[in-house]
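Here are some notes for a reader who has not seen this structure before.

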Amino acid sequence: MTRREEDIVTDILQRAMDVVRSELGPAMIERATLEMMIASIGALETPVRRDYAGTSPYIAARGTDFEIRKAAALAEVSRTGRVADAGNRHGISRATMYRLLGR
């Protein structure tokens, strides 16, 4: 693992800066504005470290909308009977869909 991968705060902020650079590059906005946005993201490191220092924050493997997507997929299966299609449409694996239907 590289240093970047070991430090989640640095990794997340760096990814945000990379997105700003690639999506809002100099062709779209002035360079000074771009650099100001990147600096603002970088300035978040100290407050984030202060807020989470000494804690063990939980990072879920799935997004917070997973429960909503599961319910929507199950509702679609009950309407259509098509498990794979409902799972694909709502981003739920087929195996998870069958586990949910087995309950």
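1. In this predicted model, helix α2 meets helix α3 through Leu-13, Ala-16, Met-17, Val-20 and Arg-21. On the α3 side, the partners are Leu-34, Met-37, Ile-38, Ile-41 and Gly-42. Sorted by class, the contact of α2 with α3 has 8 nonpolar residues, 1 polar and 1 charged.

2. How do α2 and α3 run relative to each other? Their axes cross at roughly 170 degrees and come within 9 Å. Angles over 145 degrees count as roughly antiparallel, and α2 and α3 are therefore roughly antiparallel to each other. Helix α3 covers residues 31-42, while α2 covers residues 8-23.

3. Helix α2 also packs on helix α4 (residues 45-52). Here the angle is about 145 degrees and the axes lie 11 Å apart. The crossing of α2 past α4 is right-handed.

4. Which residues make the contact of α2 with α4? From α2 come Val-9, Thr-10 and Leu-13, and from α4 come Glu-45, Val-48 and Arg-49. This contact of α2 with α4 divides into 3 nonpolar, 1 polar and 2 charged residues. Leu-13 is listed in the contact with α4 and also in the one with α3.

5. The largest pocket has a volume of about 250 Å³. Its lining consists of Ile-8, Val-9, Ile-12, Leu-13, Val-48, Arg-49, Tyr-52, Pro-57, Tyr-58 and Ile-59. Among them, Val-9, Leu-13, Val-48 and Arg-49 also belong to the contact of α2 with α4.

6. Which helix gives the most to the lining of the largest pocket? That is α2, with 4 residues. Both α2 and α4 supply at least two residues each to the lining. By class, the lining of the largest pocket has 9 nonpolar residues, 1 charged and no polar.

7. A further helix pair is α5 (residues 66-80) and α7 (residues 94-101). Their axes come within 11 Å and cross at roughly 75 degrees. Angles of 65 to 115 degrees count as roughly perpendicular, so α5 and α7 are roughly perpendicular to each other.

8. In the contact between this pair, α5 contributes Phe-66, Lys-70, Ala-73, Leu-74 and Val-77. The residues from α7 are Thr-96, Met-97, Leu-100 and Leu-101. By class, the contact of α5 with α7 has 7 nonpolar, 1 polar and 1 charged residues.

Conventions. Residues numbered from 1 in each chain as written. Predicted model: local features only at pLDDT ≥ 70, side-chain atom pairs only at ≥ 80, totals over all residues. Heavy atoms only, no water. Axes fitted to C-alpha atoms, helices over the stretch in contact; angles between N-to-C directions. Parallel < 35°, antiparallel > 145°, perpendicular 65-115°, else oblique. Contact = heavy atoms within 4.5 Å. Nonpolar A, V, L, I, M, F, W, Y, C, P; charged D, E, K, R; others polar. Left-handed = near helix turned anticlockwise from the far one by under 90°. 1 Å grid on protein atoms, 1.4 Å probe; cavity = no way out; pocket = protein on both sides within 12 Å on 5 of 7 lines; lining within 4 Å. Points joined across faces, edges and corners; volume = space filled by probe spheres on them.
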